[in-house]
Each structure stands twice: as structure tokens, then as C-alpha cells.
Amino acid sequence: MTMKESVALVTGGSRGIGRAICLELARQGASVAVNYAGNEQAALETVEACRALGVEAEAFQADVADPAACEELVKAVKDRFGHLDILVNNAGITRDGLLMTAKAEDFDKVLDTNLKGAYFCMKAASKVMMRQRYGRIISMSSVVGLRGNAGQTSYSASKAGILGLTKSAAKELATRGVTVNAVAPGFIDTDMTSVLPENAKNAMLTTIPMGKPGAPEDVARAVVFFARPESAYITGQVLCVDGGMAV
Ligand code: NAP
């Protein structure tokens, strides 16, 4: 297997970190399936940008919080490209609020998308990958999944859950040539963080030894490191991309 022969599925590939991952995978020659939830225009822009790099790319709408939609998504990608070698569980949302006042339905929404979404996609993709005896699964955690963050109980619980999911799946799939790893970004410039109030952003920056936010491309390069065929003996790992935030 080479990167040029690889087919990658990136959930939430329409914008932000997911788009940067799609483009970095395309730069390495992989075919790219760009999943999105509702933003078709952004997904099609990612697809066009991948194609401009000389690879095959296609957009696939699916809500990762829906288990049947995840099964369908993996099947559609396999039908279109013939195989599935790289799964990047990137789709994610926030519904921030203090523990005492946060709504239970927001907790469910965040867990359904960020954690169960990764689980459903991993479950569907691992069947294909185990049969192939080859696969790379990379899921997006977060520094707040390692360290916690006031006002983000649901989000940090979902991102801590990704770590347990990653380590357990790594052990289950290890003998079949399927590696499972996680990337934990710190504070990255995307739509997700642009909505934060200026004082919250400034407070966050003071916790970063490098004193600046990361770019989506910084995260994408770490994801592609795990996605390479040569990273075959690395599994169950978590790589922080955070300017030193979690040190
Ligand atoms: P973003 O700019 O808000 O983009 C979110 C992406 O997820 C979009 O492509 C969106 O699709 C997709 N998405 C949301 N809900 C979905 C669903 N139910 N099904 C399928 N796709 C869905 O976020 P980002 O900042 O790039 O974050 C990407 C990942 O990195 C997330 O898992 C996030 O938790 C994690 N992360 C981000 C940071 C940061 O500082 N930005 C730090 C640590 C971890 P549509 O375009 O269709 O809405």
C-alpha cells in the first residue's frame, strides 16, 4: 500500500481542520471522501480543491450521530472507490456551558456527534479494514480531553472518551494491520474557535507556551503522519498539536 493507492474518508471534511486534512491527504496522493453534515457548498469547495491537486475526491452527506447513516457512508465510499484505507474521525461540535446550568440535551448532542459518531464510523470502517488486513484510523481528541476545561464538561468528556475508544480499538485491531491513533489539538484557528469571546481567546492564549493559536494545517500534518503506510508500528497513541499547551 502507498499513499497514492490509499482511499481516505474524512468526517467533517467540509471546513476547518477537516478541510486541511483532506487537502494534506490529497497532496500526498490519496483519494478523498469528504463527509459533511449540512454545508454542501463548503464540502464541494473542499472536493474541488482536492481535485485541483490531481486526486479523486467526492462529497458525502451524512450525520455521524446517526448509526445507520455511518454504515451507509462507509458503504457508499467503498462502492465509489473500491476500498477504504484511512478513516479520520474529525466531525465535532461544542455546546459549552457551566455544569450547573447546561442542558442535558446539549450533553447528548455533543456526545452523540463527537464520541458516538467516531464509534459508529470506526465500527463500520473496521469491518472493511479487517477484511483488507490494512487500515489507518485517526480520531480527533483535544487537549481539553486530557486536561479538562471549565465550561466544557460535555465537550471534554467526549474528547476524553475518544482516548479510551482509540486505545481499546487499537488493541482489538492490532493483529489485522489496522492502526488506531488520536490527535489532540490545542487552540486552532477555525469557525469553532472564532465564535469565542475575545477575553476567552486571550485567556486561552496565555496558557499556550508558544503564545499563538495553531493553524488547521498543523493538525493535518500530524493526522497524515499516522495515516502513512510507514506508520505501521504505531498504534493506540495520542499526539498533541498544541504549541506546548498540555505540557
Ligand atoms: P469546525 O470548523 O466547526 O468544523 C466542524 C466540521 O464538522 C464541519 O465540517 C461540519 O460539517 C462537521 N460536522 C459537525 N457535525 C457533524 C455531524 N453531525 N456529522 C457530520 N459532520 C459534522 O470545527 P474544527 O475547529 O475544524 O474542528 C474539527 C475537529 O477538531 C472537531 O472534532 C473538534 O472538536 C476538534 N478540535 C478542534 C479544536 C480547535 O481549536 N478548533 C481544538 C481541539 C479539537 P458542516 O460543514 O456540514 O457543518
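Student: Where does Thr 179 lie?

Tutor: In this predicted model, Thr 179 lies in strand 6, which covers residues 178-185.

Student: Is Thr 179 buried or exposed there?

Tutor: Thr 179 is buried, because its relative accessible area is 4%, and the cut-off for buried is under 20%.

Student: And what is Thr 179 in contact with, neighbours within four places in sequence aside?

Tutor: Leaving those neighbours out, Thr 179 is in contact with Gly 135, Arg 136 and Ile 137, and also with Phe 226, Ser 231, Ala 232, Ile 234 and Thr 235.

Student: Switching to helices: at what angle do helix 3 and helix 4 pack?

Tutor: Helix 3 (residues 67-81) and helix 4 (residues 104-132) pack at about 40 degrees, and their axes are 9 Å apart. The two helices are therefore oblique to each other, and helix 3 passes helix 4 in a right-handed crossing.

Student: Which residues make that contact?

Tutor: From helix 3 they are Pro 67, Cys 70, Glu 71, Val 74 and Lys 78, while helix 4 brings Gly 117, Phe 120, Cys 121, Ala 124, Ala 125, Lys 127 and Val 128. By class, the contact has eight nonpolar residues, one polar residue and three charged residues.

Student: Zooming out, how many helices and strands are in the protein chain?

Tutor: The protein chain has nine helices and seven strands. Its radius of gyration is 17 Å, close to the 18 Å that the globule rule gives for 247 residues, so the chain is as compact as a globular protein of that length.

Student: What percentage of the residues count as buried?

Tutor: Of the 247 residues of the protein chain, 50% count as buried.

Conventions:
Residues numbered from 1 in each chain as written. Predicted model: local features only at pLDDT ≥ 70, side-chain atom pairs only at ≥ 80, totals over all residues. Heavy atoms only, no water. Helix = DSSP H or I, 4+ residues; strand = E, 2+ residues; numbered from the N terminus. Buried < 20%, exposed > 50% of the residue type's maximum accessible area, 1.4 Å probe, protein only. Contact = heavy atoms within 4.5 Å. Axes fitted to C-alpha atoms, helices over the stretch in contact; angles between N-to-C directions. Parallel < 35°, antiparallel > 145°, perpendicular 65-115°, else oblique. Left-handed = near helix turned anticlockwise from the far one by under 90°. Nonpolar A, V, L, I, M, F, W, Y, C, P; charged D, E, K, R; others polar. Rg over C-alpha atoms; globule rule 2.2 N^0.38 Å.
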